[in-house]
Structures are given as structure tokens and as C-alpha cells.
Amino acid sequence: MKFLHKQLEKIKPNFEKGGKLYFLHSTFDAIETFLFVPGETTHQGVHIRDGIDLKRTMFTVVIAMLPVMLFGMWNVGYQHYLALDPATAPALMDCLLYGLIQVLPIVIVSYGVGLGIEFFFCQINGHKVNEGFLVTGLLIPLCLPPTIPLWMVAVGTAFAVIIGKEVFGGTGMNLLNPALTARVFLFFAYPAFMSGEYRADQEYVWFSANRAEVADGFSGATMLSQAAEGKDITHSAWSAWDAFTGIIPGSIGETSTLACLIGALILIATGIGSWRIITATFLGGAVMGLLLNVLGPIVAPNNMFMQMPFYYHLIIGGFAFGAVYMATDPVSASQTSKGKWVYGFLIGILCVLIRVFNPAYPEGMMLAILFMNVMAPLVDYFVINANKKRRLARATV
């Protein structure tokens with residue numbers, strides 16, 4: 001590492017003011033600060049000194065997503081081989097290798113397009129390159145189906161970075177979660193590809209000769225879409241344990257609640273993710289699920305979605321993935337301690353309500369988080385005003 005640092009120091013003057021490559025100073029600064037902690041120190045006033053910066057924070061989140069990504073790759077391969085021969089148990093490495101071949105191009109396109117746009121905006125504005133897309137670039141592929149065409153990944157990523165982020169001022173200024181902005185754009189623009197209704201025998205072939213086979217393996221109804229159609233998923237081909245561990249068809253990184261919880265432990269232990277939001281989201285989903293279980297037999301005895309055991313809402317679809325990685329976005333979430341409880345609780349409630357009462361959008365977590373992203377400042381406003389009133393009531397002249 002010392003050798004690399006010396007080489008960077010040698011070429012650094014070329015990218016500083018007056019150097020022949022100064023027009024690329026933002027790009028060089030991004031690479032240098034990604035590899036090494038910036039050597040900047042404070043000169044006056046009182047500051048909190050810490051060894052962690054935005055890059056290290058984002059890198060920690062990426063590490064927390066590794067369990068989800070690795071399991072997602074394995075599950076892509078597992079579902080592929082299972083669709084080809086249900087009687088044969090595929091080998092671990094075969095599943096991982098096939099999943100890597102299918103998922104890696106999606107990740108490369110996401111990072112390539114997103115970082116390219118961010119570098120472009122920073123260069124023309126003369127700003128430093130921020131690190132928020134280190135996380136967004138991986139979140140976008142994980143919340144997409146493995147059969148999505150690469151050009152859709154590029155279009156969705158570009159929309160998220162430009163419309164969902166840069167128009168608001170870049171990293172730290174976005175109103176909505178950028179990764180969810182990409183997903184919701186693709187969901188409404190290309191619903192057949194996002195819902196699994198598109199069949200491979202039409203005219204879509206991508207990346208490998210076996211692409212049609214893996215598309216067939218992933219097309220069709222998932223547990224969430226079956227529930228939205230009014231079917232009793234408690235007697236489906238997949239058990240609750242399958243849904244919890246994630247051995248079911250679905251988006252690349254959203255199937256395994258267990259992997260999401262491992263990531264949650266990493267985020268909470270490092271202080272990066274809010275345990276209040278995560279806990280409140282699961283609590284809100286459980287409360288609304290239980291309420292619907294009570295009311296279902298009375299008001300809608302034929303609605304199997306309302307009578308589905310409440311814990312199914314927490315382990316199917318993208319509920320756990322959204323609660324751990326999306327709802328906890330430090331920019332678009334509530335900032336106050338009490339506000340985080342309210343914010344997360346309402347996300348859980350809204351997710352279940354959207355799923356049950358609007359089956360056209362069975363993945364309610366996506367819309368619930370985006371709605372609460374917009375409402376987060378209002379939640380914090382009421383919390384802060386309530387604190388002011390309590391303090392004024394205690395104040396004495």
C-alpha cells in the first residue's frame with residue numbers, strides 16, 4: 001500500500017490546480033480518497049474527530065449487503081437448475097457459478113452507468129465525487145429480477161441518478177431513496193419484466209445460450225403474487241421456512257429474510273443502520289397483519305390474503321430487504337429518535353395495507369417507503385414541535 005500511495009503522490013500534481021490534467025481532478029480525488037483516508041485536519045473550533053468518513057460508511061453498508069448478494073447469486077443458480085431437473089439437487093458451486101454469470105453483468109451495468117453519470121456531473125460542476133452510489137449501485141441490482149434486460153438496468157439507473165438524486169443537489173440532498181426510485185420507474189414502465197409475467201419464448205434472449213431456460217425457471221407466480229391472486233400460500237409448493245431462508249423465486253437479493261437479518265446485525269453493530277427503523281418496520285407489519293387476521297374472517301371471509309398468517313408478510317416479497325437496506329437510508333428517512341419509530345411503524349403498516357387492498361401492486365414495501373420518504377420531514381416537524389411544547393411547559397421564568 002505504501003508503494004501505491006507513493007505513486008499517487010507522484011502523479012497528484014498533474015491533477016491539482018495548474019496541472020495539465022486538472023480537468024480530471026474530481027475523478028482523481030475520488031480514487032485517492034477511496035483508497036486512502038484523506039489527510040485533511042481541522043484548524044479551528046471544536047470538532048468531533050473520527051476515523052470514519054462517508055466512503056467508509058458506505059463501504060460498511062456494502063459489506064452488510066454481501067450476505068444478501070451471495071445468497072441471491074446462489075439462489076439464481078439453484079432456481080435455474082431446479083427448473084431444469086426438480087429431482088436432482090444441484091451442487092453448491094454450480095449454483096454460485098451460474099448465479100455469478102447471470103448477476104454480475106447487472107451489477108457492472110448499474111455501477112458503470114451510475115458512476116459514469118455521477119463523475120460527469122461532478123466534473124462539469126467542479127465538485128468532489130461523493131460516495132453514495134457505492135451503496136445505490138449494488139442496491140439497484142439486488143431489488144431487480146435476474147431476467148431483466150441490461151438496457152433496462154441502464155435506463156433505470158440513469159433515471160434514479162439524474163431524476164432521483166442529481167436534480168435535488170446530489171448525495172445527501174435526495175428526497176427519495178435512489179435505488180427505490182430506479183425500481184419504481186422500471187416497475188411502472190416495464191411491469192411485465194418486473195413482475196415475472198414476461199415469457200422467454202417471446203423474443204428476449206440475453207447473455208447466454210441457456211438464458212431462455214433460466215427465464216422459464218423464474219417466470220411465473222412468486223409467493224407474493226400467488227397471495228395477491230387470492231391463493232392460499234400456506235399450502236403452496238414453498239413453506240414458511242423456505243420463504244424465511246429465501247429458497248424461493250423472486251428478485252435477486254430480496255428472497256432471504258435470514259440473509260437480510262444478518263446484514264441488519266452488521267449495520268446495527270457498526271452504528272450505521274437505525275435499529276429503531278428496522279424494529280418499527282417489522283413491528284408495524286406484524287401489527288397490521290394481526291389486525292387483518294382478526295378482521296378477515298368477519299369482513300372478507302373469502303379473502304385469503306387477509307387471513308394469511310401475519311408472519312408471512314414479513315418473510316415474503318421485499319419486506320425484510322426494504323426494512324433493512326431501504327428504509328434506513330440516512331438521507332431520506334426521519335432524523336429524530338421518536339420520528340424513526342413513527343416512520344418505520346407506518347412503513348410496515350402501509351406495506352401490508354397496499355399488498356392486501358391493492359393487489360395490482362403486491363410489493364407494497366416499495367410504495368410504502370417512497371411515500372414515507374416524502375412524509376419523513378413532516379414526521380420530524382411534529383416530533384420537534386412536541387419537544388418544544390414540553391420544554392416550554394417545564395420552563396420557569
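Is Y190 buried, partly exposed or exposed, and what is its relative accessibility? In this predicted model, Y190 has a relative accessibility of 22% and therefore counts as partly exposed. The cut-offs explain the label, because buried means under 20% and exposed means over 50%. Y190 lies in the loop between α7 and α8 (191-195). Its C-alpha is 9.8 Å from that of I148, although 42 residues separate Y190 and I148 in sequence.

The table sets out the two residues.

| Residue | Relative accessibility | Class |
|---|---|---|
| Y190 | 22% | partly exposed |

Helix α5 (residues 133-142) is largely enclosed by the rest of the structure, because 10 of its 10 residues are buried. Among them are F133, L134, V135 and T136, as well as G137 and P141.

The next topic is a pair of helices. Two packed helices are described by the distance between their axes and the angle between them. For helix α13 (residues 275-299) and helix α17 (residues 337-357), the axes come within 7 Å and cross at roughly 40 degrees. The crossing of α13 and α17 is right-handed. Their contact contains 16 nonpolar, 8 polar and 2 charged residues.

Technical notes: Residues numbered from 1 in each chain as written. Predicted model: local features only at pLDDT ≥ 70, side-chain atom pairs only at ≥ 80, totals over all residues. Heavy atoms only, no water. Buried < 20%, exposed > 50% of the residue type's maximum accessible area, 1.4 Å probe, protein only. Helix = DSSP H or I, 4+ residues; strand = E, 2+ residues; numbered from the N terminus. Axes fitted to C-alpha atoms, helices over the stretch in contact; angles between N-to-C directions. Left-handed = near helix turned anticlockwise from the far one by under 90°. Nonpolar A, V, L, I, M, F, W, Y, C, P; charged D, E, K, R; others polar.
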